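Please open the structure in the viewer and follow the stops below in order.

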Amino acid sequence: MNKKTHELIARLAVAKRPVKILFVCLGNICRSPAAEGIMQALVDEKGLSAHFVIDSAGTGNYHIGDLPDHRMRIHARRRGIELTHICRQVRESDFDNFDLVIAMDVSNERDLRRIAPTIEAEDKIVQMADFISMATKYDYIPDPYYEGAEGFELVLDLLQDACANLLRRLMA
C-alpha cells in the first residue's frame, strides 16, 4: 500500500461514521458488485452496518439497469453472498457522496481520474489490490468476464481477502 492510500485509510479509520465506499470496475457486472456484496456481508456479519455505506458502479455504460453477471452471482451465492445490485455508471457526484472510490485495475483508476471533478476528489481514488495480502501474481483485480469458473473463483478469493483487510484497517 502506498503512503497516500495508507494516510487516506488512517484518516477514515478515525473519521465520523458512516464511511462511504464505492467499488468501481468497467461494466459493474462482475468485480465491483462482487466487492460490494462481499464488503456488505463482512460489515453485516460484524454488526457494523450503521457504520458503512457501500455501493458499486462501472466506468462504462454497457450494463446500466442490469443485475450482475449470472456467473458471478452463481459463484458468489455458493459462498453465501447474494449479489442484487442494479448496475449503474459512475457519476461525477459520486466523488461528493463517497469517502473512498476503489478501482479494480489501472484502467478503471485512469478513467476515474478523468471523471474526478477536483484534486480532492482524485485523492479518494485507490486500488483494490492495495488491500490484498494473500500470495498472488496479481497487482490488480483481473476481469473474469472472458474466463471460466476458475476466473470467477480467483476474483472472489482476491476480493474476500482485500475486503477483509480493508475493513480491518478502517476499524483500527
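The model on display is predicted.

**First stop: helix 3 and helix 7**

Select residues 70-78, which form helix 3, and residues 149-170, which form helix 7. These two helices pack at an angle of about 60°, and their axes lie 10 Å apart. Helix 3 and helix 7 are therefore oblique to each other. The crossing of helix 3 past helix 7 is right-handed. Next, display the side chains at the contact: R71, M72, H75 and A76 of helix 3 meet A149, F152, E153, V155 and L156 of helix 7. Six residues of this contact are nonpolar, one is polar and two are charged.

**Second stop: helix 2 and helix 7**

From helix 2, the contact involves R31, A34, A35, I38, M39, L42 and V43; from helix 7, it involves V155, L156, L159, Q160, C163, A164, L166, L167 and L170. By class, 14 residues of this contact are nonpolar, one is polar and one is charged.

Which residues line the largest pocket? Select C25, L26, G27, N28, I29, C30, R31, Y62, H63, D143, Y145 and Y146 to show the lining. The lining comprises seven nonpolar, three polar and two charged residues. The volume of the largest pocket is about 160 Å³.

Terms used: Residues numbered from 1 in each chain as written. Predicted model: local features only at pLDDT ≥ 70, side-chain atom pairs only at ≥ 80, totals over all residues. Heavy atoms only, no water. Axes fitted to C-alpha atoms, helices over the stretch in contact; angles between N-to-C directions. Helix = DSSP H or I, 4+ residues; strand = E, 2+ residues; numbered from the N terminus. Parallel < 35°, antiparallel > 145°, perpendicular 65-115°, else oblique. Left-handed = near helix turned anticlockwise from the far one by under 90°. Contact = heavy atoms within 4.5 Å. Nonpolar A, V, L, I, M, F, W, Y, C, P; charged D, E, K, R; others polar. 1 Å grid on protein atoms, 1.4 Å probe; cavity = no way out; pocket = protein on both sides within 12 Å on 5 of 7 lines; lining within 4 Å. Points joined across faces, edges and corners; volume = space filled by probe spheres on them.
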